[in-house]
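Reader: I would like a close look at one part of this model. Please take me through its aromatic rings.

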Amino acid sequence: MLFNKIVAAYDGSKAANKALDKAIELAKLSPDTELVVLHVYDFPRFYVAEGYAPVPAAMNQDYFNLASKTADEAEKRIKEAGLSAKMELVQGPAAETILEYAGKNGADLIVIGSRGLGGIREFVLGSVSHNVVQHAQIPVMVVK
């Protein structure tokens, strides 16, 4: 089965690196396949009583810089594999952003690692990969 447009969700984790390897392998099967590497990041939020406490701008900048560095690592791996790919850096909640991006951009496969770098939120609410699998309208390949 060949795919026209593959979205590989990437967060720099061990599983995401394996998923990226698999996405590269699939993209190499057909010269017409477009590979998009999507790194989703979100800014921290601090809950205080009934609302959010403001987050210092420097902290948001640190998160953005880390996200950019993570995307650069993926881009380097793509080039080393001899492929060209579109790199996307998008801010928002991970699962929702991945699904929205894939839907709006005509992807026909999402490749995602089984466990990412999420923290307590992922443990409590369910993993990003699980949410993507449950709500996707297209095939999802989860790589262990």
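How many aromatic pairs does the count come to?

Author: Keep in mind that this is a predicted model. The count comes to two aromatic pairs. Tyr41 and Phe43 form one of them. Their centres are 5.5 Å apart, and 80 degrees lie between the planes. That pair is edge-to-face.

Now the other pair. The rings of Tyr41 and Phe64 have centres 5.9 Å apart. Their planes stand at 70 degrees, so this pair is edge-to-face. Here, edge-to-face means an angle over 60 degrees. The pair links distant parts of the chain. Tyr41 sits in strand β2 (residues 34-41), while Phe64 sits in helix α2 (residues 57-80). The two residues are 23 residues apart.

Tyr41 has 12% relative accessibility, so Tyr41 counts as buried; the cut-off for that is under 20%. Phe43, at 26%, counts as partly exposed. Phe64 is partly exposed too, with a relative accessible area of 33%.

Where does strand β2 belong in the sheet order? The open sheet has five strands in the order β5-β2-β1-β6-β7, so β2 stands between β5 and β1. The pairing is parallel. At the edges are β5 (86-91) and β7 (140-143). Each has a single partner strand, so one side of each is left without a neighbour in the sheet. From one strand to the next, the twist averages 20 degrees. Helix α1 (residues 14-27) lies across β1, β2, β6 and β7. This helix α1 runs at about 150 degrees to β6.

Technical notes. Residues numbered from 1 in each chain as written. Predicted model: local features only at pLDDT ≥ 70, side-chain atom pairs only at ≥ 80, totals over all residues. Heavy atoms only, no water. Phe/Tyr/Trp six-rings, centres within 6.5 Å; stacked < 30°, edge-to-face > 60°. Buried < 20%, exposed > 50% of the residue type's maximum accessible area, 1.4 Å probe, protein only. Helix = DSSP H or I, 4+ residues; strand = E, 2+ residues; numbered from the N terminus. Pairing = 2+ DSSP bridges. Axes fitted to C-alpha atoms, helices over the stretch in contact; angles between N-to-C directions. Contact = heavy atoms within 4.5 Å.
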